[in-house]
Amino acid sequence: MAKNSTRPVVATLDGEDINFKRPSQTKEILRRLRKNKGAMIGLFLLICIVLVVIFADFIAPYEAGVVQVAENKLAPMSPEHPLGCDSYGRDVLSRLVHGARNSLLVAVAASISSCLFGCTLGAIAGYFGGKIDMLIMRALDIFMSIPDLLFTMVVVAALSSSIPVLIIAMTLAYFTNYVRLVRSGVLNLVDQEYVEAARAGGSSSARIIISHIIPNTLGIILVNVTLNVSSLVIYQSTLSFIGLSLPAPAPEWGSMLSSARVDMMRAPLLVVFPALAIVLTAFSVNLLGDGLRDAMDPRLKN
Amino acid sequence: MSNAEKMLDIKDLSVVYKTDLETVYAVNGVTLSLEKGATLGLVGETGAGKTTLALTLMRLLPERTGKVTSGSITFEGENIIDLPEAQMRKIRGDKIAMIFQDPMTSLNPVLTVGEQIAEALLVHNEVGRSKEEIEARVDETLTLVGIPPARKREYPHQFSGGMRQRVVIAIALSCEPDLLIADEPTTALDVTIQAQVLMMIRDLRDRLGTSMIMITHDLGIVAQTCDNVAVMYAGEIIELGTAEDIFAHTMHHPYTDGLFASLPNLKSKTARLQPITGLMPDPTNLPKGCKFAPRCSRCMEICKEVPPEVYTEGTHSIRCHLFHQSKEN
């Protein structure tokens with residue numbers, strides 16, 4: 001056999017390298033996302049909500065939502081108060097707009113931190129197995145046996161209510177999902193031959209988890225994050241509804257709902273606006289998440 | 001064979017898989033060596049312990065069950081059985097690389113082909129190569145296996161089976177390993193692609209001067225690519241020799257004879273092939289004498305009681321009682 005031969009193993013007919021032009025990964029994902037109508041609607045709504053959060057001070061003054069004015073009690077819609085006033089005479093629009101800040105900040109931060117925390121634990125449990133898995137999963141069982149709400153109440157009661165405490169409490173209530181989800185995904189993946197192949201290539205466990213296992217479970221993680229953002233928005237409303245959230249005058253969607261409930265017969269619209277805000281946020285995040293999952297899965301390409 | 005040339009020296013290696021219920025004796029006292037640049041063919045039925053042997057060389061046995069019970073593996077002067085995991089990681093992929101059996105499952109579906117080839121390079125980046133240099137090396141490796149470098153941004157599902165196997169080979173070759181273990185690299189491919197891939201492996205081996213262990217159950221592949229051949233049965237090497245010893249010589253272990261008899265021959269006219277009757281012995285409960293005795297057509301009384309010693313003649317060695325007897329007579 002000829003050694004040092006330079007003959008290419010497979011040559012093209014004219015001996016040239018075939019040129020494959022492919023759009024970049026990000027462009028490709030964006031292109032597919034743009035084709036998905038639902039995702040675009042979700043994205044649009046979400047951008048609107050984020051803009052409201054950013055420019056809240058320009059839309060409505062914060063004071064109008066906090067300061068109680070007796071003569072404005074249950075005032076109907078008017079040019080000064082586009083969405084009317086609540087039973088304490090506070091402007092509903094400014095409460096709604098500034099409430100978005102508190103509600104969304106806490107929900108998004110809690111879903112990101114619960115995702116990071118839960119995924120890490122789940123990946124470790126699934127990948128290493130054995131005693132480590134046992135330890136993590138049994139601890140998780142204990143966590144899950146305590147009702148979420150009760151658990152959050154205990155944490156908030158112990159550490160007193162503030163935004164960081166709320167985020168921690170909600171993270172602890174929600175990270176369990178991710179642990180189980182990622183662990184089961186990882187258990188499926190560790191036996192795959194490409195994981196063994198990566199190990200045969202000298203990759204360390206951390207590297208295998210980060211570059212092989214996480215990308216493969218990203219689809220389910222992503223959908224769960226978006227589902228969680230929406231359920232956390234609702235959960236946070238629940239917390240403020242039962243008075244566990246930020247202290248009284250601070251505007252929040254959930255506490256708006258709970259105080260409007262008293263006057264539901266006299267001013268039904270007071271319930272509608274915060275409820276609508278919660279639903280719209282949850283809905284848009286869900287739509288976008290679904291679209292993103294489809295767009296990011298390379299197996300659905302072409 | 002002088003010691004200086006040996007890059008891999010396996011001595012009396014035994015491996016078991018131990019579970020709560022049973023112990024599987026997968027590799028039993030294997031002694032093998034490989035010179036620099038040489039190719040060893042490892043032949044045997046499924047379940048003979050070929051893949052276990054390969055995984056032991058990479059130290060990739062399943063952690064909780066697979067255990068090395070005796071023996072040593074000396075690779076470039078170091079006993080890799082005792083190496084700490086961190087040092088072993090430096091050897092894997094860089095010094096010893098493996099081509100996996102099934103290209104359909106050994107590539108990660110969510111990473112591009114280029115990323116997967118670059119991985120081993122990134123892990124073994126002692127020289128401190130820059131990103132561009134690594135990319136250039138990826139292109140080079142892809143060209144080497146006959147894939148246009150522009151396709152490195154594609155995902156495994158966009159490749160056919162044969163092309164994927166090339167990618168798997170490219171991954172194994174990216175760090176220019178000293179030893180390449182090919183675990184049935186062509187079983188998942190159809191015949192025409194098989195020939196292409198084999199040609200390529202042989203070509204690359206000659207060009208890069210890599211030593212190779214070719215695991216297969218296809219004697220044709222062995223005849224084409226290997227300098228030395230080891231026939232494995234029930235975890236033992238029962239016959240070892242140069243390719244000529246195995247293919248041309250008349251003196252064989254009855255099992256090797258059986259292997260050849262079960263292949264169709266172009267020259268002679270046979271109505272039926274002759275399979276070796278029976279099955280491999282249960283690896284949890286091996287016969288106490290010769291492991292092949294229950295299936296052997298030339299089985300003697302001694303075979304059932306005493307495990308045979310190795311009979312050596314030049315480069316050719318056979319583990320069978322038959323030849324010891326003929327020598328005594």
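**Note on a predicted two-chain model**

1. Read from the N terminus, the elements of chain A follow the order α-α-α-α-α-α-α-α-α-α-α-α. The count for chain A is 12 helices and 0 strands, where helices (H or I, at least four residues) and strands (E, at least two) are DSSP runs numbered from the N terminus.

2. The model is predicted: local features need pLDDT of at least 70 and side-chain atom pairs count only at pLDDT 80 or more, whereas totals for chains, interfaces and linings use all residues. Residues are numbered from 1 along each chain as its sequence is written, chains are lettered from A and ligands numbered from 1 in the order in which they are written, and side-chain values use heavy atoms, with hydrogens and water left out.

3. Of the 302 residues in chain A, 45% are buried; buried denotes under 20% relative accessible area, exposed over 50%, and partly exposed in between (1.4 Å probe, protein chains only). Among the contacts in chain A with a separation of 6 or more, 73% involve residues 24 or more positions apart, a contact being heavy atoms within 4.5 Å. Chain A has an accessible surface of about 15,700 Å², and carbon and sulfur atoms hold 68% of it; such areas come from the Shrake-Rupley method with a 1.4 Å probe, and for residues only the protein chains shown count as cover.

4. Just after α9(A), Gly202(A) adopts a positive phi of about 95°.

5. Chain B contains 11 helices and 12 strands. Its radius of gyration, taken over C-alpha atoms, is 21 Å, close to the 20 Å from the globule rule (2.2 Å times the number of residues to the power 0.38) for 329 residues, so chain B is as compact as a globular protein of that length. The C-alpha trace of chain B spans about 70 × 50 × 45 Å along its principal axes.

6. In chain B, 53% of the 329 residues are buried. Residues 24 or more positions apart supply 65% of the chain B contacts with a separation of 6 or more.

7. Four strands of chain B form an open sheet with antiparallel pairing, in the order β2-β1-β4-β5; two strands are taken to pair if DSSP finds at least two bridges between them. The edge strands, each pairing on one side only, are β2 (23-35) and β5 (78-79) of chain B. Within this sheet, β1 (residues 6-18) and β4 (residues 66-75) of chain B run antiparallel and are joined by 8 bridges; Tyr17(B) is opposite Gly66(B) in β4(B).

8. Strand β9 of chain B (residues 228-233) has 6 of its 6 residues buried and is therefore largely enclosed by the rest of the structure. On one side lie Asn228(B), Ala230(B) and Met232(B), and on the other Val229(B), Val231(B) and Tyr233(B). Strand β3 of chain B (residues 39-43) runs parallel to β9(B), with 4 bridges between them, and Leu40(B) has Asn228(B) as its bridge partner.

9. β9(B) also pairs with β10(B), antiparallel and over 6 bridges, with Met232(B) opposite Ile237(B). These two strands form a hairpin with 2 residues between them, and Ala234(B) in the turn has a positive phi of about 45°.

10. Strand β10 (residues 236-242) of chain B is joined to β12(B) by 2 bridges in the antiparallel sense, and Glu239(B) is opposite Ile318(B). Ile318(B) is also the bridge partner of Tyr311(B); β11 (residues 310-313) of chain B pairs antiparallel with β12(B) over 4 bridges. The β11(B)-β12(B) hairpin has 2 residues between its strands, and Gly314(B) in the turn has a positive phi of about 65°. Both faces of β12(B) (residues 316-319) are covered, with His316(B) and Ile318(B) buried on one side and Ser317(B) and Arg319(B) buried on the other.
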